[in-house]
Amino acid sequence: MIKQGLMDNLDFQEKSFDVIWSEGAIYNIGFEKGLLEWKKYLKDNGYIVVSEISWLTDNRPKEIEEYWANAYPEIDTIDTKLSIIEKCGYDLISHSVLPESCWMDHYYRPMLLRTNHFLKKYKYEEKAKEFIKMGMDEIEIYEKYKEYYSYVFYIAKKV
């Protein structure tokens, strides 16, 4: 069964899932909001698994701070994300930082390989070019500042 809907207005019965998995998507409604909204859909002792962009260090260069303040203002440290998980009524089971290979080998390089096809498909329109430029800028930022941030998988149990 495939359902389409808004992440903050789901059409499911409460306590209907053992696990909710959100990979690279909770940012659409916000980390804390997602944890709170989705909790009601988990069965007692159910699990939530989410990946969330997180700071790996407490101090960062101004350029990367400004980039992420514009791109995703909810980026925060792992410790802050762990506190939010607890505040939302979950017990942390585990968390792990995604390695560089996830970014480069499984996201950026495949994206780069499809760049020309994408531009051709959209007839090299200005908006398509702008979209590609945003992607290229993001890759450049990542390559320059990857030691300061990454996606982190958080696994928690509803209490």
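**View 1. A polar contact of 3.0 Å links the side chains of glutamate 63 and lysine 144 in this predicted model.** A polar contact is a pair of N or O atoms within 3.5 Å; within protein, one must be able to donate a hydrogen and the other to accept it, and residues adjacent in sequence count only if both atoms are side-chain atoms. Glutamate 63 sits in helix 2, which spans residues 62-71. Helices (H or I, at least four residues) and strands (E, at least two) are DSSP runs, numbered from the N terminus. Glutamate 63 counts as partly exposed because its relative accessibility is 36%. The cut-offs are under 20% relative accessible area for buried and over 50% for exposed, with partly exposed in between (1.4 Å probe, protein chains only). Beyond residues up to four places away in sequence, glutamate 63 touches Ile141, Lys144 and Tyr145; contact means heavy atoms within 4.5 Å. Glutamate 63 and tyrosine 145 are 82 residues apart in sequence, yet 9.3 Å apart in space, C-alpha to C-alpha.

Residues are numbered from 1 along each chain as its sequence is written, and side-chain values use heavy atoms, leaving out hydrogens and water. Because the model is predicted, local features need pLDDT of at least 70 and side-chain atom pairs count only at pLDDT 80 or more, while totals for chains, interfaces and linings use all residues.

**View 2. Glutamate 52 counts as buried, at 1% relative accessibility.** This residue belongs to strand 2 (residues 42-55). Its side chain makes a polar contact of 2.8 Å with the side chain of tyrosine 72. The side chain of lysine 81 is also a polar partner of glutamate 52, at 2.8 Å. Leaving aside neighbours within four places in sequence, its contacts include Ile26, Phe31, Glu74 and Tyr154.

**View 3. Strand 1, helix 1 and strand 2 form a right-handed β-α-β unit.** Right-handed means that, with the strands pointing away from the viewer, the path from the first strand over the helix to the second runs clockwise. Strand 1 (residues 17-22) pairs with strand 2 in the parallel sense over 5 bridges; pairing requires at least two DSSP bridges. Serine 22 has valine 50 of strand 2 as its bridge partner. Strand 2 also holds asparagine 45. Asparagine 45 is not a glycine, but its phi is positive, about 65°.

**View 4. Helix 3 (residues 78-87) buries Ile78, Lys81, Leu82, Ile84 and Ile85.** Seen down the axis of helix 3, these residues fall within an arc of 160°, so they line one face. The arc is that of the directions from the helix axis to the C-beta atoms. The face turned away carries the exposed residues Asp79, Glu86 and Lys87. Packing partners of the buried residues include helix 1, strand 2 and strand 5 (149-158). Glycine 89 follows helix 3, with a positive phi near 90°.

**View 5. The largest nonpolar core has 34 residues.** Such a core is a set of buried Ala, Val, Leu, Ile, Met, Phe, Trp, Tyr and Cys residues joined through side-chain atoms within 4.5 Å. Phe31, Leu35, Ile48 and Tyr149 have the most contacts inside it. Strand 2 gives the most to this core, with 5 residues. Not counting residues up to four places away in sequence, tyrosine 149 touches Trp55, Trp68 and Trp103, among others.
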